[in-house]
Amino acid sequence: MTTAPNQSVLTPVLTKNWGDEQSWKLSAYGDYAAAKKAFGMQPDDVITAVKDSGLRGRGGAGFPTGMKWSFIPQDNPKPKYLVVNADESEPGTCKDIPLMMANPHVLVEGVIISSYAIRANKAFIYIRGEVLHVIRRVQAAVAEAHAAGHLGKDIHGSGYDLDIVVHAGAGAYICGEETALLEGLEGRRGQPRLRPPFPAVAGLYASPTVINNVESIASVPSIIANGADWFSSMGTEKSKGFGIFSLSGHVAKPGQYEAPLGITLRKLIELAGGMRAGHELKFWTPGGSSTPLLTAEHLDVPLDFEGVGEAGSMLGTRALQLFDETTCVVRAVLRWTEFYKHESCGKCTPCREGTWWLTQTLSRLEQGQGSAEDLDLLVDQCDNILGRSFCALGDGATSPITSSIQYFREEYLAHLEQGGCPFDPEASTVFATAGAKA
Amino acid sequence: MTATQDAGAVVKSDEVTLTIDGIQVSVPKDTLVIRAAEEIGVQIPRFCDHPLLEPVGACRQCLVDVPDAGNGRGFPKPQASCTLPVAEGMVVNTQATSPVADKSQQGVMEFLLINHPLDCPVCDKGGECPLQNQAMSNGRGESRFAESGGVKRTFPKPINLSPQVLLDRERCIVCQRCTRFSAEIAGDPFIELIERGAQQQIGIAEGAEFLSYFSGNTIQICPVGALTSAAYRFRSRPFDLVSTPSITEHDASGSAIRVDHRRGKVMRRLAGNDPLVNEEWITDKDRFGFTWARQDDRLTHPQVRDEDTGELRAASWPEAFAVAARGLKKAKGKVGLLPGGRLTAEDAYAWSKFARVTVRTNNIDFRSRPHSAEEAAFLASTVVLSTTVTYADLESAKRVVLVGLEPEDEAGSIFLRLRKANRATGLEVVSIGAVNTRGLRKVNGTLVPTRPGDEAKALTDLTDLDSSTVILVGERLAGVPGALSAAAAVAQRTGAKLAWVPRRAGDRGAVETGCLPALLPGGRPVADAAARVDLAAAWDVEQVADAEGLDAHGIVAALEAGDLEALVIGGVDPADLGIRKKALKKAFVVALEVRSSAYTELADVVFPVAPASDKAGTFVNWEGRVRSFGKVLDNPHSLPDVRVLAGIAEERGRAIGFRTPEAAWAEMTQVGPWTGARASAPEVSTGSHSTGSVQATSTGLVLASWKQLLDDGRLQDGDPHLAATARPAVILASAATLAGAGLADGDRATLTGPLGSITLPVAVGEVADGVVWAPASAPGASVRHAVGAAGDAVTIGGAK
């Protein structure tokens, strides 16, 4: 046990050194002991350890990481690739970028161990293009690791070679979708690919490819260092280990809270010093804007893959956006929908045209125009997008709308009755004056 | 496909049985659900799906419900049937039986229409539009988007993708058919998706227009009215058009086309669907090259030269027949016939029989380009009656060797097949030629750099040829002594299949019908007494002349010398054969032409003959495949060559025995092919060509040259948009050759050959050392007339 949750339920592993002096430097990080330990193991044993740990993908879908690695056909003569999805763009999600900023070496070490396990000699870290400072920091970390002999030819005499390419995206949300990311990495237009073939069989340059989220890969060194049992001792039965919970919005101390999966929002809000003074929780997203909204009645839902699923949403990226009673849900949903419209790649009809139409219907509702039937129209539009689009972006675009109508139909209708938004938008801001009406 | 052809029976491949809408159906493994459904008569609506393009699953119109994927589990979401392969035991419910599938399709259709302008009443596609039709069959009648006050996305329109292809971005549903065609089929990815979301559109790079020889196909496969042609935009409504299946007259591909006309005027041409020949693709020349037949210089009545004034004057058909017959009679067999390479097989047969029966000569040659006795022997021994190579063979071959042939320019449908096979099976394409062309690069071909004149040696030196190899020789090899002999010998020695690919639609038919000085119809050699007797019996004439006739060069020389007194000519550019005006003035000339030309002005009798659109007929393509077509327009101003020649023959008292293409075909069938011994293959030794010994020095360069697809040909007249898509005329040479001549890329240079000089820009190309390439027939820069032919020694220097 490296963490001592004596006073707290928090389990800082990835975030443990964030407060250290120049935590991003190799000197502050350590000497890649986990990677050295991994080199003493057979690659298949590394895969087994990750499988046994119960680590599930931290990018949102929660696919078992070790199983994903074992899908790589090792008899395929083509090179194998590891691609790290660091295109963190989901509204509300803010875990990978601070992680790469404060602790880039845990990612690099994770890449080394993971690549060794799947027998890849080239790994790519695809970082969202807008975060130039993060790109530079990861590049610097890779260079440091290279200089220290953690990367390159015959790493630490293991006979294993690895090079890491840090690639900057070009500003498209869709490139967080793994096949669109591969297209972008290959220099093409970022649009999702037809599957099958799946990336494990024909991914980057039509070669077997593993694509994992930053946090998933960064969790690997601790599993190797401390053992699968250590990892699986945390979390819940089917959602093992720890994860970074990113609290944002109307909370006293927003930030990243690393805790075992299965923690509740009630506990997290408590750790974060409660909601904004004088206000109470109205609705929240468990894993970014693409996961259906939940409300205050879900405060005790265990935040693991199963628990949130049962509550009718998805754990997603644990991007907990908290909104208090000053927030107009219609307005919030419209903003998200405008985001999806802006980011729709255009490949398939339901997402391209559907988001165009949804924003129009929603903005009319927000302005108090239209009728109650428009709510049914909205739900029907969402029904025609959900499960009909090429990739999950279209599905995600419908989540805030359908869930907000489910929980806040009355609020939508209030817009129609009052001929406009009943909320004072200023009341939800940080600069809200005391007099702003709730 | 090839397996079934070889075996002559359908070979059952691995079949998969599934249930669609409660009906069991068995289809070959890997069939997509959307096509399996067609087997039971269910048409699932679709836009991005196209059987000849790779699946993309973009439009989502073809969603179906799959309660069982064949493994007992269903898909939780509706699936795109255009990307889903069938599986044993799979259960599929389409819109016909599944409310989920039906609602999904209705939903997608509604989405597709929200940003579509719905300007069907003014759209070219209205009436034949998949979007319009499927909106009717699988969409809702009223728009909820419009009802709810939706605002459509708009674009300025249209924009030019090329001089010919226009894009209306508002109508576009970004199904990607056009971009996929360009990238996958043609290999000309000049158009690409740009922007995203609802702003996603088809775009072109700045300064890189959509200049593809196959761009018109994108217009045809566009499932909406987004792509239109400058030639047809706003010209007609589909329901006012009368469609006639036909065959292209522009090359020897035999490509199926559809000719749409309205009120006696051809409005447009489309690709026909013939899986064995051109699949669904044609070149832009096939598509847009139809206005040539309605130019102002179209001949509309017979003319004869007035005895008193010496001028041409209008004449009745009977008078013209009589004058022509009288003139030919006076020449007493001292007559040459140059029918050209653009005739239908029926017309060519009429020319051939007219020569033998009416004029009683073998002085007939369809070739109006560089040619040789060796080529004639090659045609008589190896080409006539041969159907050795088909398009399907190109696809199943392991290797295709091109000799003196640039398929993209000279036979577009062959180029597309080679590219398809290279992508699908890794077919290896080897070109024996001087230039690594864009066309060759697009089939991932390998160039065996060869100076014009050295092709025979290069071909003979190739190793690893066997029965899985196909050798395609172009008509240009006629200018290379020994090359065709070598091709025949190599094919004989290695078992490789061999085919001859000419340029013109009528070339192969002219060979089959004996429009050659030593070859009679049906492959009968003139030199073979038995063949002559066989033919004389079939024709019911006493005998067929046994002396080998003059070839085209011989006819021209004899005219100049006065040894021939009369000439019957049609579809030939006299400049191609170097016929001088003086010779034409001296001789009695009977011209059969569609439009007035250099020699109709000098002729003694001029007959207006029908273009392919105005008559029924048959082209024999390079495969030897018979490609019959019907008449599109009834035009009383001209007659088929058959009828004209029959009229003259009857006046002459030596009738050819038929007056219509149909009757000519019937007789051809009756006469049939020669079953006796064929002429033997030529055995001309290599290296006897004059340029064979020319050494590659900066001053001793050899010209490589051929006619590009779009050139100065008269069959492209009248469509300025098509002409604007032609490749610019440039001289190509290697960097070393240019440096040797003191030239740099982009300079203007003067190319000088035996006929004279021409000045054009130069560019660096992958050209064999010691070789300079220039277009044979670019508009205003006809190197073949101004400089010389391929293989000639040339010099190049800076323009003064």
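This is a predicted model: local features need pLDDT of at least 70, side-chain atom pairs count only at pLDDT 80 or more; totals for chains, interfaces and linings use all residues.
Chain A is divided into three parts: domain 1 (26-232), domain 2 (242-324) and domain 3 (329-427). The centres of domain 1 of chain A and domain 2 of chain A, taken over C-alpha atoms, are separated by 27 Å. Between these two domains, 14 residues of domain 1 of chain A are in contact with 16 residues of domain 2 of chain A. On the side of domain 1 of chain A that touches domain 2 of chain A, four residues are nonpolar, five are polar and five are charged.

Chain A contains an open sheet of five strands, in the order β6-β5-β9-β7-β8, and the pairing in this sheet is mixed. Its edges are formed by β6 (255-260) and β8 (294-295) of chain A; each has a single partner strand, so one side of each is left without a neighbour in the sheet. Strand β5 (residues 242-249) of chain A is joined by four bridges to strand β9 (residues 319-324) of chain A, and these two strands run parallel. Among the residues paired here, A:Ser246 has A:Ala319 as its bridge partner in β9(A), and A:Gly249 has A:Leu322. With β6(A), in contrast, β5(A) runs antiparallel, and six bridges join the two. A:Gly243 stands opposite A:Ala259 of β6(A). The strands β5(A) and β6(A) form a hairpin, with five residues between them. As for burial, eight of the eight residues of β5(A) are buried, so this strand is largely enclosed by the rest of the structure.

Another strand of chain A, β4 (residues 209-213), holds A:Val210. A residue is counted as buried if 20 or more other C-beta atoms lie within 10 Å of its own. A:Val210 has 27 other C-beta atoms within 10 Å and is therefore buried. Apart from neighbours within four places in sequence, the residues in contact with A:Val210 are A:Lys68, A:Trp69, A:Ile72, A:Leu82, A:Ile118 and A:Ala200.

Chain B is divided into five domains: domain 1 (2-113), domain 2 (151-294), domain 3 (315-368 + 511-671), domain 4 (376-502) and domain 5 (694-798). Taken over C-alpha atoms, the centres of domain 4 of chain B and domain 5 of chain B are separated by 23 Å. Contacts between these two domains involve 15 residues of domain 4 of chain B and 18 residues of domain 5 of chain B. The side of domain 4 of chain B that touches domain 5 of chain B has five nonpolar, five polar and five charged residues.

An open sheet in chain B has six strands, in the order β15-β14-β26-β25-β24-β16, with mixed pairing. The strands at its edges are β15 (312-314) and β16 (335-338) of chain B; each has a single partner strand, so one side of each is left without a neighbour in the sheet. On average, neighbouring strands of this sheet are turned by 15° against each other, direction ignored. Within the sheet, strand β24 (residues 566-570) of chain B pairs with strand β25 (residues 588-593) of chain B in the parallel sense, over five bridges. B:Ala566 has B:Phe588 as its bridge partner in β25(B).

In soluble globular proteins, nonpolar side chains tend to be buried together. The largest nonpolar core of the model has 350 residues. The residues with the most contacts inside this core are A:Val83, A:Val84, B:Val403, B:Ile471, B:Ala487 and B:Val589. Leaving out neighbours within four places in sequence, A:Val84 is in contact with several residues, including A:Val111, A:Phe124, A:Tyr126 and A:Ile217. A second, separate core has 34 residues, among them B:Leu738, B:Val771, B:Ala774 and B:Ala778.

The two chains also touch each other: 30 residues of chain B are in contact with 26 residues of chain A. On the side of chain B that touches chain A, α3 (99-114) and α5 (144-147) of chain B each supply at least two residues. The most is given by α3(B), with six residues. By class, this side of chain B has 15 nonpolar, ten polar and five charged residues.

Technical notes: Residues are numbered from 1 along each chain as its sequence is written. Chains are lettered from A and ligands numbered from 1 in the order in which they are written. Two strands pair if DSSP finds at least two bridges between them. Axes are lines fitted to C-alpha atoms, for helices over the stretch in contact, and angles run from 0 to 180 degrees between N-to-C directions. A nonpolar core is a set of buried Ala, Val, Leu, Ile, Met, Phe, Trp, Tyr and Cys residues joined through C-beta atoms within 7 Å. A residue is buried if 20 or more other C-beta atoms lie within 10 Å of its own, exposed if 12 or fewer, and partly exposed in between; C-beta atoms are placed from the backbone. Two residues are in contact if their C-beta atoms, placed from the backbone, lie within 7 Å. Ala, Val, Leu, Ile, Met, Phe, Trp, Tyr, Cys and Pro count as nonpolar, Asp, Glu, Lys and Arg as charged, and the others, Gly among them, as polar. Domain bounds come from an automatic or database domain assignment.
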